[in-house]
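Visitor: Could you take me through the side-chain contacts of this model, one question at a time?
Guide: Gladly; the structure comes next, and the questions follow it.

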Amino acid sequence: MALCTSRTLPTNCASLLLLWLSSCLCVQATESLQGNIETTLGYLDQDAYQFGSSHGFNDRGFTPFVNIDLLLPGFSDTDNWHIEANNLGLSSARFMLKGQLDDNQSVNLNWRQISGYNYEDALSPFHSTRLAEFSLPENWQVSDNTTAGMSSVTDHLNPVSLRHKRHWLELDYQRHLGENWAVNVDFRRDSITGTKALGGATGSNGGNVRAVLLAAPVEHHTHQASISLAYFGSRLSWTLGYHGSFFDNTLTSVIWPTAFGQHPQWAARVGFPDGTNQMATEPDNQAHQFRVNGSYRFTPYTRLYIDAALGRQSQNQHFSPYTANSQLIVNTPLPIESLDGRIDTTNLNLRLSSRPLSGLNLIARLDYRDRDNHTPVAAYQRVSGDAAHQQSSTDARLNRPYSLSKGKANIEANWRLMTATQVQAGYYYTDTRRDYSEITRARENDIRLGFRSHYFETLAMAVSYSHQQRRTDDYIGNRPLIQTHVPGTTEAEEFENHPLLRKYYLSERDRDSVSLQADWYPQTSLSLGAQLSWNQDSYPDGYFGLNNSKMYSISGNISYISHKDWQLSGFYSYDNYQYQQSGRSFRGFAPAEAFDPQRNWQVSASDNFQTLGFNLERQGIRPVFSDWQAQGTLDLSLAFNHSRSVGEIIHHHGSALQSAPLPDLKTQLNTANLTVRYHLSASSSAALTLIRETYDSDDFALDDVAVNTLSNVLLTGQQSPRYQATWLGLSYRYEY
């Protein structure tokens, strides 16, 4: 138990520094300050890793943090400043500084830190020798090419935490250039550091692949810059701007030794202790875009909007070598040193709104998006999974410079039938064209109808319905396979995925959706609301893949204020997702299995989510005990939230397959929050906050699955998160 741990010390120091800075700014004119400063000292009764994702702290012990919300006097008569900070000192925090320099210019500084906590109980035998480079223990021993042959694996496991931290910094400057002109300059820096679970494989084909999960480091930065010039006229307004984005990944690759013993189908000396593996990480890249948008008012009731942009995305980082394993033979070098990737983008959006008749509003839209990929195509003679010698030229694979263009058109009408009663209708059309894909064209037609009324003072209602159809040209499942092989090296009937398999986002589909909403106000102090939504997707019969899916959601809310100023609000929601999926299991070395219906399988899955919560508040209570009455007032706030989910998976299969039932997936989260604030005076108050949170989950992919449970994959052995944590915080707020 410590006041400042190694994890919280940097942010705690930053909190104190910012608090000192704001105090220095305040000292010159305290009487003109507005806002408040609140300091809190909290105590968490136990380590609770996932607790930190929502609250910003997860280590047992004391943690101080600061909240600031101040309007500061400026250094001159024309400027003023606003400082706002939340949770400074915690792993997730935010700081904002807004300055109005004069009537024509302003500057904003925003900083935010967000932490994500995945698992702290992961285990791994790998040691990090250098950044993104791993090694095995010196006395690592294996007797075969499975995890069972790692006889001493449990003696070499080290705990690793899977977590990440994101820092976001933005500086924005705005200036008015005269009556109708303005310029805006914006700079952003987004950084992510931490560790993530990364799967790495060794193997030359699907039958001999061996894999490990690594706690791989993450460290990349994105810098963005924007500048725009705007004109605001009585009828014509427009903005011309440039936006640039630059992604820089500190880690170019991840390197690790092979942990499995030699497999008979691998090249010689590829298994432990000689094998080495390398995986490239996300490459550096950049994007540039020029954009113009504006509007023109033809009449008081007719206006045209336009938004057009031209962009270019490029990626030119040098390739990693075919293999880092010196035992493998590579006779042909890479065909090019880098991808030399280039994509040109075009976006055009037009919107015309008009009111031709009293009570009738019309909106028409035209959208066009084009993604033109100019990346050169080359033949790559791969080294499969750092386990086999380089492929021959006839087995080389070609990269796919995937391009896409999409056009949309729609018209919407809103007709007022009577007072506070409207009817809406709309038609939407989308035409999508692709290359290097199973389909080349898809057309979607969508019709929407709606009714909304607030005719009765105490009742508001809304209902909507939509029907959407997607139709495509011929689905050719092996087209990507043929297009990525050297011409003449594959037969027209060859396939990797089953010929009857359809990707759901490229398949023909019918979708129906219904939504209902009602809000009732029986009295000024009470309001009730209810919502219902339902949609269903269906796909053509006779194919494998996603066959149909359904979703419905029911929710309600209540708000009530009693005659004694107690405020109660509550909500409940239930969401259900169902889908059916089918396929046929076959092995690549036994293609005849692809035509055996006894190898069919079907899955019916259902995910249910329930959430409920309430909030009870009362302000301005003056405590009285016998003949004593408090000088100050008391504010009470009690909140409770409950959520749970259950995932059920039911599967059926043909007689040629074997499988066992899958357990349900379950989660449950309960959070109770009690805050008692006592106002010592008009400018100061103290608060006591109590948070009790419990989390429980069951996941068959994690529970009772050790690092060596699977014979061909070395896992990290983390379990489903569970915790019961209590946090107590004491805070003091001073208001100016």
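Visitor: Is Phe319 buried, partly exposed or exposed, and at what relative accessibility?
Guide: This is a predicted model, and what follows is computed from it. Buried would require under 20% relative accessible area and exposed over 50%. Phe319 falls in the class between them, so the answer is partly exposed, at 29%.

Visitor: Which geometry describes the ring pair of Phe319 and Tyr380?
Guide: Among the 22 aromatic pairs counted in the structure, this one has its ring centres 5.9 Å apart and its planes at 85°. Planes over 60 degrees apart fall in one class, so the pair of Phe319 and Tyr380 is edge-to-face.

Visitor: How many residues apart in sequence are the parts that this pair of Phe319 and Tyr380 ties together?
Guide: Phe319 lies in the loop between strand E15 (302-315) and strand E16 (341-357), while Tyr380 belongs to strand E18 (residues 379-380). Tyr380 is buried, at 12% relative accessibility.

Visitor: What is the angle between the ring planes of Tyr455 and Phe456?
Guide: Phe456 counts as partly exposed, at 49% relative accessibility. Its ring and that of Tyr455 form an edge-to-face pair, 5.3 Å centre to centre, with an angle between the planes of 90°.

Visitor: Which residue has its ring under the charged end of Arg448?
Guide: The charged end of Arg448 sits over an aromatic ring, at 3.9 Å from the ring centre. That ring belongs to Tyr428.

Visitor: In the salt bridge of Arg342 and Asp344, which partner is buried?
Guide: The two side chains meet at 2.9 Å, N to O, in one of the 24 salt bridges found in the whole structure. Arg342, at 29% relative accessibility, counts as partly exposed.

Visitor: What is the N to O distance in the salt bridge between Asp274 and Arg269?
Guide: Asp274 is partly exposed, at 29% relative accessibility, and Arg269 is also partly exposed, at 48%. Their side chains meet in a salt bridge with an N to O distance of 3.5 Å.

Conventions: Residues numbered from 1 in each chain as written. Predicted model: local features only at pLDDT ≥ 70, side-chain atom pairs only at ≥ 80, totals over all residues. Heavy atoms only, no water. Salt bridge = Lys/Arg side-chain N within 4 Å of Asp/Glu carboxyl O. Buried < 20%, exposed > 50% of the residue type's maximum accessible area, 1.4 Å probe, protein only. Phe/Tyr/Trp six-rings, centres within 6.5 Å; stacked < 30°, edge-to-face > 60°. Helix = DSSP H or I, 4+ residues; strand = E, 2+ residues; numbered from the N terminus. Lys NZ or Arg CZ within 6 Å of the ring centre and 35° of its normal.
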